Amino acid sequence: MTAPSVLPAAASAEAGAGHARVHAVVPPEPMPGLEPDVHAAVRMALKGSDLHGFARHVLEQLGLLMGVAGHGVVCAPAADDAGGLRLLAATGPYAERQECAGPGTVAGPLRERLRQALARRSSSPPDAQGRLALYVGSPGNAGIAVWIDGPPPPAQPPDAGLLGLFCANLGLLLHHRVLLERLHDRAYQDPLVPLPNRVRFIEKVDACVHQGARDHILALVDVDDFSAANDVMGHRFGDRLLEVVARRLADALPRDVLLARVGSDTFGVLGPAEQVRPQALLDSVRHPLAVESVPHKVTLTCGWVRLPGAGDTPTGAELLKDATIALKRAKRDHRGQHLQYLAHMGAEARSRAVLLSDLRAALERQQLFLVYQPQLDLASRALIGLEALLRWRTDDGRFIPPSQFIPVAEHSGLIVAMGAWVLATACRTMRELLDEGLAPQRMAVNVSMAQLQDPAFTGVVQRALAQAGIEGRHLELEITESVAVLPTELLESTLQALRAQGISIAIDDFGTGYSSLSYLERLPLDRIKIDRTFVRQLGEPRGGRIAEMVAQLGRRLGLQVLAEGIEDAQAWQALQAMGCQEGQGFHIAMPMDKAALRTWLLARG
C-alpha cells in the first residue's frame, strides 16, 4: 500500500481550515518511536550544511529507521523545469551505477520512478525487491524524491504510517532549510546582479586576513558619472549598465578571485596581487558596452589597498574604508585611473573628517563671519566695490585658513548652506552701507560650483536681495574656472537669469584652473580677475607676461579687468600700464570686519 503523507496535528488543522500561514523556522517536535532518527535529522538540518549533505543524511536516517544499510538515491527537480532531475546524493551500489555516474543527473528506469514521486508529491509502496520511492516535501515547495533499498521479502516491510510521519517531518525540515537559504541569499547576495554583497565581501576579507593570506589586493572599482547616466537614461538603463559592467569585470578576473557589489555603482575585488591588476580592471571597459542594444562608453576609477603583512590584522571593514579613501582621492584627482592607499591618506581623511565636524559646530556657534576688502579704480583711486570674504575664528581665538575649510565645505556639500548665509549677510551689509551713504557700486560674493549646480540657487540669490532690500546691480557674483566642467546649458541659463536681474558676473582666479578660452566668449561675463599668483610675479624677470596676457584678453573680450594681491606701488603702476582698470590688495586695504570697514570708509570721506 502507499505510505500516507502524514502531517503533524497542528499543520493538518490549518490545512483543513483552508488557512495559509507562515510557519516559524523551528524544528517540529519529534514523535515517540522516532528516536534517535528525527533528533538526528533535526540536528543535521540545523547545522547549516548544504542540500547535498542534507540528502545524504536523509538516506542514512531512513536506513536506520528501516533497519537496512541506507543505500539509495536522492534527487530534486532540475533548475530548468524541463522535467529533468538533479542528483543530490547516491550511496552504496547506486553511487557506481551508470545512470547515477553522470554529472549530476539520473537516467534510465530509476529516473522515471523518481519523477513520478515528484510529480504526484507522494510516496510509492515497496517493489518486489523491497525498494521504495519516497517523496519528502511540504506544501508550496518542489521537494525531493528518495529511492532507497528497504528490507527484501519475505522480511516485513516498514510501517507505512511511521515512514509517512518521518517523511512529513523531513519535509518540514526541508521547508525550513529552503527558508533559511533564501534568508541567507538575501543577507549575502546583491539583489540586482548575481554577486555577493557588501556584507559578504567584508566577511571574506576578514577571513582572508585571519587566514594569513599574503600579497593580496582589495580593490574598489567605481563607474564614473553613473548618476548622470542614471538620471538621463533612466533607472532601467542604469540597472542594465551595472549588469554589463559586472560581466566585463568578471570576464577580466580569474574564477577564484572574489567579485562583489559593495555600493550603488561600486564593485569590490579581492584576490592575489598577481591576479588582481588594477589597470586590467579599468581596461575591461575599454570598448563600449552594449546596454539594451545601445553602445555606451564608460570609464572606471579604482582605489586599492594591499592586505597587511604578518602581525597586523585589521578588520575587513577597516580595509574597505582604506580602499574607499583611495577611491575618493582617485575620483577627485585621478578620475579614470587607479590609486593605491597609503598611510598618509588615512591621516588626511581623518583630519578632514574632524575639520568637517568642527565646521558644522562652528556654524551652530556662529564662529563664521565676513570681512570686506575694498576694490579701487586704479586710475581715479575711487572706491568701486567690496569683496565679502569668509573667515572662521574658533572659541580660543585661532583662525582657520579658508584654504583649509572651504574645500572641505565644498566636498561635503555644506558650502550650499554656508553660501546662502554669506549671500544674505553680505547683502544686509550692503543695505546698511547704502543707508549710511558709504556704499560703493557693488558687493562681490564668491560662489562655488556646488551652489551653481543647486536648482534652488537663483531663488536663494533673489531672496537675499529682497530681504536686504537692494537691487541686483549692487551685487556681483564671482565664479571660478572650475565651472567649465558644468553642463553648458545649465551654466549659461543660470548666469543669464542672474544677469537679467542686473547682477554682474566675474571670473575669479583666472589662469589657475582649466583656462578654457572658449567659455570666456560663451558665458555672460562682466569682469575677469587676475589671480594674485601672477601679480606677485611682476617683479621677476619675464614675470609679468601672464598678467599682461590676461589684461589684454579681458580688453579684447570687452570685460573689465581687476587684479588681486596688489601689495606695493610698483605692482599698482605695472598693472595700470598693462591696461588693468581695477585692483585690490594689502597695499590698498586689508580685509576688514564691518566695524573697521565703517571707520575706513569714513576716513576716506
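**Sheet and helix packing**

Guide: This is a predicted model. Strand β10, residues 300–306, pairs with β11 in the parallel sense, over 3 bridges.

Visitor: Which residue stands opposite Leu-339 in β11?

Guide: Gly-303.

Visitor: And the sheet they belong to: what is the strand order?

Guide: β6-β7-β5-β10-β11. The sheet is open, has 5 strands, and its pairing is mixed.

Visitor: Which are the edge strands?

Guide: β6 (258–261) and β11 (338–340). Each pairs on one side only. From one strand to the next, the twist averages 20 degrees.

Visitor: Which strands does helix α6 touch?

Guide: Helix α6, residues 198–210, packs on the sheet and touches β5 (216–223), β6 and β7 (266–272). The direction of α6 makes about 20 degrees with that of β7.

Visitor: What about helix α10, which strands does it touch?

Guide: β5, β7, β10 and β11. Helix α10 covers residues 316–333 and also packs on the sheet. Its direction makes about 140 degrees with that of β10.

Visitor: New topic. At what angle do α13 and α15 pack?

Guide: About 25 degrees, with the axes 8 Å apart. Angles under 35 degrees count as roughly parallel, so α13 is roughly parallel to α15.

Visitor: Is the crossing of α13 and α15 left-handed or right-handed?

Guide: Right-handed.

Visitor: Which residues in α13 and α15 meet?

Guide: From α13 (415–436), they include Leu-423, Cys-427 and Arg-431. From α15 (457–468), Phe-457, Val-461 and Leu-465 are among them.

Visitor: How many of the contact residues are nonpolar, polar or charged?

Guide: 10 are nonpolar, none polar and 2 charged. Arg-428 and Arg-431 of α13 belong to this contact.

Note on methods. Residues are numbered from 1 along each chain as its sequence is written. This is a predicted model: local features need pLDDT of at least 70, side-chain atom pairs count only at pLDDT 80 or more; totals for chains, interfaces and linings use all residues. Side-chain values use heavy atoms; hydrogens and water are left out. Axes are lines fitted to C-alpha atoms, for helices over the stretch in contact, and angles run from 0 to 180 degrees between N-to-C directions. Helices (H or I, at least four residues) and strands (E, at least two) are DSSP runs, numbered from the N terminus. Angles under 35 degrees count as roughly parallel, over 145 as roughly antiparallel, 65 to 115 as roughly perpendicular and the rest as oblique. A crossing is left-handed if the near helix is turned anticlockwise from the far one by less than a right angle, and right-handed if clockwise. Contact means heavy atoms within 4.5 Å. Ala, Val, Leu, Ile, Met, Phe, Trp, Tyr, Cys and Pro count as nonpolar, Asp, Glu, Lys and Arg as charged, and the others, Gly among them, as polar. Two strands pair if DSSP finds at least two bridges between them.
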